[in-house]
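Keep the structure open beside you as you read.

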Amino acid sequence: MPFPLTLEQKQTAFWLAVWAAFLFLLVTLGPVLTPFLAAAIFAYALNPGVDRLDRIRFGRRVSMPRPLSVTIVVMLFFAAITTLVLIVVPVLQKEIPLLQAQIPAFLAKANDLLAPKLRDLGLNVRLDSAGIKQMASEQLSASGDAIWAAALNSARVGGTAVLGWLATLTLIPVVLFYLLLDWHAMLARIAACVPRRYIGATLGMAREVDTLLAQYLRGQLLVMLVLAIYYSAALGIAGFDVALPVGIITGLLVFIPYLGFGLGLVLALISAVLQFSDWSGVIAVAIIYGCGQVLEGFFLTPRLVGERIGLNPLAVIFALLAFGQLFGFVGVLLALPASAVLMVAFKHLRRHYLSSSFYNA
């Protein structure tokens with residue numbers, strides 16, 4: 001005969017079910033929560049700046065209003081993003097037309113190099129501009145209806161995705177402003193929801209997580225600065241005309257794994273092909289970016305980021321792979337800070353386990 005549940009056990013089961021339902025709702029509404037999650041991450045990073053402006057006093061009693069502090073910080077943040085975009089766009093505007101002008105020459109060289117070898121294998125293919133145009137026209141005439149259907153479907157899906165991204169980008173500044181405006185009151189309301197018996201331990205864990213994440217942000221900013229200086233200087237020494245913008249782009253976007261390195265590498269390779277008549281530019285790019293990747297992956301990130309949050313290099317590599325496998329690109333982006341949070345939780349769980357009667361009996 002089962003033992004009857006006490007009132008406290010019934011209440012515990014009820015609230016656990018409520019929290020499980022709430023978490024399930026959050027997972028279900030994942031796409032809708034994207035701008036709110038992004039704004040919350042930005043708000044956490046920008047709130048110290050707002051608090052510092054709040055402490056500025058005009059006279060003895062008058063301090064800067066928080067709405068004004070939030071407005072200044074948000075405007076500076078998006079001004080920095082706009083500046084980064086303005087650095088990238090001129091480089092693309094300069095290099096893309098030059099690349100388009102060089103495409104026929106590239107195709108002619110590829111045809112001279114590869115066409116004889118393909119003919120030896122029984123493939124009569126022309127890789128120059130005329131041959132590619134002919135193959136494209138044959139494919140279009142052979143399967144025109146299927147291609148048009150696929151193109152229309154892709155345009156419809158792509159248009160929906162673009163509208164979704166535009167809505168997200170429009171919502172992020174609005175949500176960010178109101179989160180920063182109400183940041184401390186919101187944290188107080190969250191703390192008020194924690195059961196009183198756990199409030200001390202919860203606040204202690206929250207302070208530890210806050211300290212670790214602050215160290216992570218400082219370490220990541222230092223990595224970005226060092227890599228921006230390295231790539232700019234190395235490309236400048238190699239004689240690249242676009243050394244400064246490409247180096248800045250590569251360094252500042254390194255906080256997004258693979259994107260900053262990949263975009264900088266592509267821009268540098270395009271510049272090498274357009275600026276140098278031989279392979280010296282491409283070889284220089286391969287050496288510079290290969291050394292930069294080694295510098296970042298084996299020294300800067302493990303030392304300046306991993307050690308600041310208490311993760312050794314193997315744990316950093318495992319965190320990137322594991323979170324990337326579980327959550328895709330967003331998981332890779334948040335792997336290290338999320339690992340810091342899990343590390344704090346694991347440390348408290350381990351301490352509780354070592355002091356339990358189950359372990360000591």
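A salt bridge here is a side-chain nitrogen of Lys or Arg within 4 Å of a carboxyl oxygen of Asp or Glu. With that in hand, note that this is a predicted model, and that it holds four salt bridges.

Start with Arg66, which forms a salt bridge with Asp51, their closest N and O atoms lying 3.1 Å apart. Arg66 lies in helix H3 and Asp51 in helix H2 (residues 30–54), so this pair ties together parts that are 15 residues apart in sequence. Arg66 also forms a salt bridge with Asp54, where the closest N and O atoms are 2.5 Å apart. Are its members buried or exposed? Arg66 and Asp51 are buried, and Asp54 is buried as well.

For another setting, look at Asp182 and Arg189, whose side chains meet in a salt bridge at 2.6 Å, N to O. Asp182 is partly exposed, with a relative accessible area of 31%, and Arg189 is partly exposed too, at 47%.

Now step back to the overall fold. The chain has 13 helices and two strands, and buried residues make up 27% of its 361 residues. Among contacts with a separation of 6 or more, 64% are between residues 24 or more positions apart.

The largest nonpolar core has 26 residues, and those with the most contacts inside it are Val223, Leu235, Phe240, Val246 and Tyr289. Helices H3, H7, H8, H9 and H10 each supply at least two residues of this core. Apart from it lies another core of 15 residues, including Ala39, Val73, Val74 and Phe77. Zoom in on Val223 and you will find that it touches Val254, Leu300, Thr301, Leu304 and Val305, leaving aside residues up to four places away in sequence.

H7 has 39 residues and reaches 57 Å from its first C-alpha to its last, close to the 57 Å expected. H7 is followed by Gly239, which has a positive phi near 95 degrees. H8 is mostly covered, with seven of its ten residues buried, among them Pro245, Val246 and Ile249.

Phe14, Trp15, Val18, Trp19, Phe22, Leu23 and Leu26 make a nonpolar surface patch of about 710 Å². Phe14 is found in helix H1 (residues 7–28) and is partly exposed, with a relative accessible area of 48%.

Notes: Residues numbered from 1 in each chain as written. Predicted model: local features only at pLDDT ≥ 70, side-chain atom pairs only at ≥ 80, totals over all residues. Heavy atoms only, no water. Core = buried A, V, L, I, M, F, W, Y, C linked by side-chain atoms within 4.5 Å. Buried < 20%, exposed > 50% of the residue type's maximum accessible area, 1.4 Å probe, protein only. Helix = DSSP H or I, 4+ residues; strand = E, 2+ residues; numbered from the N terminus. Contact = heavy atoms within 4.5 Å. Expected span 1.5 Å × (residues − 1). Patch = residues over 30% accessible without salt bridge, like charges linked within 9 Å, V, L, I, M, F, W, Y side chains within 5 Å. Areas by Shrake-Rupley, 256 points an atom, 1.4 Å probe, with all protein chains shown as cover.
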